[in-house]
Amino acid sequence: MLDSILGLFSSDMGIDLGTANTLVLVKDKGVIINEPSVVAVQTEQFGKQKILAVGREAKEMVGKTPSDIKAIRPMKDGVIADFDMTEKMIRYFIEKTHKRKFFLSPRIIISVPYGLTQVERKAVKESAMLAGAREVYLIEEPMAAAIGAGLPVKEAKGSLIVDIGGGTTEIGVISLGGLVISKSVRTAGDKIDSSIVNYVKEKYNLLIGERTGEEIKIAIGTAVQLPKELVTVVKGRDQVSGLLSRIELTSEDVREAMREPLKEISDALKVVLERMPPDLAADIVENGIVLTGGGALIRGFDKYLSELVKLPVFVADEPLLAVAKGTGKALEEISYIRQLTND
């Protein structure tokens, strides 16, 4: 009775709690929040921390704050690095979703990386419960991504998904509603950004921030050689003279910068393919591999992987939304999710 009364005042939610971005989907409404997973805090007297901004507004402050203000990313490599800030971030998104601060008791499904320890899973659940959820279910990211990408996860047919997020790349082979093989590697968007930052520093003696590295990746990043090179102007500080400077960076520069992290992702995919049961392998040969997540948008990454593993590779429709959409579809079949989760 209490559960049904609470349900009248709240909307069931699916949360893609990502290292780079958090997406919130509300049942029957779709994705209504897509903001960076960043919290800006100000340290006051006696060490007390005051929340200044969450999400997009907080990300604008990254690398630009005075000493008493910090822009914190509470998620690192797909797991909670700062429990208190994660709870505050989830609470903020719940309140923003409901546009009020009372009678908040939504039922929430949260996507988590495959291979999270029981301690880490408990931390995610507790942060959502403390933020006001009445029930919390966890769904592994490869499964959520496959559901969101529209793959036939319940059929006796193998589907292979590669979800490249901010902190982790999740690879999963799914059949009959379960993960047959799964692998999670902590090489994804953040590591690619860092590789670009380091490359610019080593080759051009120019110091740039992680945010600039991400902007370069989006503007001219490519996994394959392009028919016509792309060029962008990069501004930073020359580490030799100490003066502000600018350089022209090409897409070939960025391809070289991203070579190692992209190889690490492809090597992880090869490991999964080598462990594949023969009958499922036949399905993958026929149906190919589906890419989701922000990394799927890197120019030519589908072609790059296809040439390496000799299989067709496709980018899902709206790859950035696949995991969130998967949590939304899971909300419609909550009894099925109860079977999938062992929490």
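Arg259, Leu262, Lys263, Ile265, Ser266, Leu269, Lys270 and Leu273 of helix α8 touch Phe301, Tyr304, Leu305, Leu308 and Val309 of helix α10, where contact means heavy atoms within 4.5 Å. By class, this contact of α8 with α10 holds 9 nonpolar, 1 polar and 3 charged residues. Here Ala, Val, Leu, Ile, Met, Phe, Trp, Tyr, Cys and Pro count as nonpolar, Asp, Glu, Lys and Arg as charged, and the others, Gly among them, as polar. The model is predicted, with pLDDT of at least 70 needed for local features and 80 or more for side-chain atom pairs, while totals for chains, interfaces and linings use all residues. Residues are numbered from 1 along each chain as its sequence is written, and side-chain values use heavy atoms, leaving out hydrogens and water.

Two packed helices are described by the angle between their axes and the distance between the axes. Helix α8 spans residues 251–274 and helix α10 residues 301–309. Their axes lie 11 Å apart, at an angle of about 50 degrees. Therefore α8 is oblique to α10. Angles under 35 degrees count as roughly parallel, over 145 as roughly antiparallel, 65 to 115 as roughly perpendicular and the rest as oblique. The crossing of α8 and α10 is right-handed, meaning that the near helix is turned clockwise from the far one by less than a right angle.

Helix α6 also packs on α8. The angle is about 135 degrees, and the axes are 9 Å apart. So α6 is oblique to α8. This crossing, too, is right-handed. From α6 come Lys191, Ile192, Ser195, Ile196, Tyr199, Lys203 and Tyr204. From α8 come Asp253, Val254, Glu256, Ala257, Met258, Pro261, Leu262 and Glu264. The contact of α6 with α8 has 9 nonpolar, 1 polar and 5 charged residues.

Helix α6 (residues 189–204) also meets helix α7 (residues 210–220). The two axes come within 8 Å and cross at roughly 100 degrees. That angle makes α6 roughly perpendicular to α7. Gly189, Asp190, Ile192, Asp193, Ser194, Ile196 and Val197 of α6 contact Glu210, Gly213, Glu214, Ile216 and Lys217 of α7. These residues divide into 4 nonpolar, 3 polar and 5 charged.

The count of cavities of 30 Å³ or more is 1. A cavity is a set of points, on a 1 Å grid over the protein atoms alone, where a 1.4 Å probe fits but cannot get out; lining residues have an atom within 4 Å of a point. The largest cavity holds about 30 Å³ of space. Its lining consists of Leu17, Met75, Gly78, Val79, Ser111, Val112, Pro113, Leu116 and Val124. By class, the lining of the largest cavity has 7 nonpolar, 2 polar and no charged residues.

Note on methods:
Axes fitted to C-alpha atoms, helices over the stretch in contact; angles between N-to-C directions. Helix = DSSP H or I, 4+ residues; strand = E, 2+ residues; numbered from the N terminus. 1 Å grid on protein atoms, 1.4 Å probe; cavity = no way out; pocket = protein on both sides within 12 Å on 5 of 7 lines; lining within 4 Å. Points joined across faces, edges and corners; volume = space filled by probe spheres on them.
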